[in-house]
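Here are a few exercises to work through with the model open. Try each task before you read its solution.

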Amino acid sequence: MAYFHLVRKWGDVPLVTQPLNSAEAVRTNTFREKKEKVYEQIVADLTEVINSPLPDIQPAAQKGRVSKVAGNALLGQVYLTMATTLDQANRAANLNQAKTYLTNAYTKRTFGTLKDIPYADVFDVAKKTTNPEAIFQIVYRQGDVNFSSGIAASNQAQGETINSLRTTTGVGGNVKPDLVKDYEEGDLRKEYSIKYASAANVRDYFITKFRDPSPAAGTNGWGGNDWLLIRYADVILMLAEVNLYLGDEASAIGFLDQVRERAKLPLYNAARANPTYSARYPTLRQAILHERRVELAFENHRWFDLQRFFSPAELVAYFQAKPQADYGAARVSNFGPKDYYYPIPFDEVKLNPERMYQNPGY
């Protein structure tokens with residue numbers, strides 16, 4: 001998982017798979033390995049997980065530990081990312097592998113369809129150990145000064161109490177109009193995920209998706225919110241995506257509709273008959289990308305979704321076409337090809353300027 005984040009954020013990265021016990025070993029390994037080789041290691045590691053004696057699903061007392069379902073879901077996402085961002089010669093093979101592992105994760109679920117799990121329950125602190133939608137999560141301990149979660153309190157805006165009992169004075173987790181406008185009318189996820197704060201120094205939307213205003217979290221904001229790394233709505237929407245790429249639109253729509261049905265929205269075929277919806281999302285591909293945005297908002301998926309859905313050149317055009325008014329001080333015109341990857345930190349480049357080469361544009 002760590003290398004999967006690294007390779008998507010920086011491209012080629014050093015690949016270390018054993019302890020480096022000498023200065024010479026460090027020097028020998030100080031180079032950026034090609035991203036294709038990094039992906040080979042990621043696949044090898046995750047293949048070990050799914051072939052291991054681990055349980056398919058961890059019991060409530062072991063939430064936060066790795067399971068085979070987590071391994072299958074992440075490996076499916078890895079293959080989907082490889083299919084859409086690496087050499088297209090292997091696209092079909094990688095898509096079929098993605099479908100296999102994502103389907104493996106999906107068939108091991110303990111519920112029927114997504115509508116069986118209310119959206120609010122997915123993020124309910126009191127139900128986090130029994131939440132059947134959670135596949136892999138970072139566990140926090142409510143009320144504990146060292147191991148609690150501050151996500152609810154840190155997102156809260158001045159004058160509000162919905163997230164936490166802790167008093168805050170800032171704007172909280174600010175939400176740009178570009179996202180606010182992407183929610184369809186009647187989408188229950190909007191009401192749960194964001195709220196308008198009317199305090200004089202805010203007067204804007206803030207994130208309310210992660211809440212713990214319980215006495216146990218207290219006025220210090222020591223919340224019990226777990227951080228969901230993988231959940232079934234993500235897997236279901238990736239299955240919609242991979243089936244679309246494989247030419248099976250009917251299956252893709254079926255998976256997309258599971259997510260829309262839970263959100264109390266018209267199913268896809270009815271929605272695209274609406275002129276406003278069809279104008280904003282004229283293709284099934286764009287509809288899936290939209291659904292991922294509003295379903296998984298603030299869960300750190302959006303950038304990686306955009307990398308899969310757009311080439312670097314397409315991504316530049318996508319951002320630069322955004323209305324500036326929807327982004328405030330962040331200049332959309334500043335987004336360019338170099339922003340596809342982070343820069344390699346200068347201190348790392350200095351170690352070996354030739355083999356720790358800088359990313360283009362920096």
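**Exercise 1: a hairpin**

Task: Find how strand β2 and strand β3 run, and how many bridges join them.

Solution: This is a predicted model, so start by picking out residues 194–197 for β2 and residues 204–207 for β3. Next, compare their directions: the two strands run antiparallel, and 4 bridges join them. For one of these pairings, go to Y196, whose bridge partner in β3 is Y205. Finally, follow the chain between the strands, where the hairpin has 6 residues. There, R203 takes a positive phi near 45 degrees.

**Exercise 2: two packed helices**

Task: Describe how helix α4 packs with helix α10.

Solution: Two packed helices are described by the angle between their axes and the distance between the axes. Locate α4 at residues 68–85 and α10 at residues 232–245. Their angle is about 35 degrees, and the axes lie 11 Å apart. Now look at the handedness: α4 passes α10 in a left-handed crossing. Then list who touches whom. From α4 come V69, A73, Q77, L80 and T84, while α10 brings Y232, V235, M238, E241, V242 and Y245. Sorted by class, this contact has 8 nonpolar, 2 polar and 1 charged residues.

**Exercise 3: a cavity**

Task: Work out what lines the largest cavity.

Solution: Begin with the count, which comes to 1 cavity of 30 Å³ or more. About 120 Å³ of space lies in the largest cavity. Then check the lining, which includes V122, F123, D124, F210 and L228. To finish, sort the lining residues by class: you get 5 nonpolar, 4 polar and 3 charged.

Technical notes. Residues are numbered from 1 along each chain as its sequence is written. This is a predicted model: local features need pLDDT of at least 70, side-chain atom pairs count only at pLDDT 80 or more; totals for chains, interfaces and linings use all residues. Side-chain values use heavy atoms; hydrogens and water are left out. Axes are lines fitted to C-alpha atoms, for helices over the stretch in contact, and angles run from 0 to 180 degrees between N-to-C directions. A crossing is left-handed if the near helix is turned anticlockwise from the far one by less than a right angle, and right-handed if clockwise. Contact means heavy atoms within 4.5 Å. Ala, Val, Leu, Ile, Met, Phe, Trp, Tyr, Cys and Pro count as nonpolar, Asp, Glu, Lys and Arg as charged, and the others, Gly among them, as polar. On a 1 Å grid over the protein atoms alone, a cavity is a set of points where a 1.4 Å probe fits but cannot get out, and a pocket is an open set with protein on both sides within 12 Å along at least five of seven lines; lining residues have an atom within 4 Å of a point. Grid points are joined across faces, edges and corners, and a volume is the space filled by probe spheres set on the points. Two strands pair if DSSP finds at least two bridges between them.
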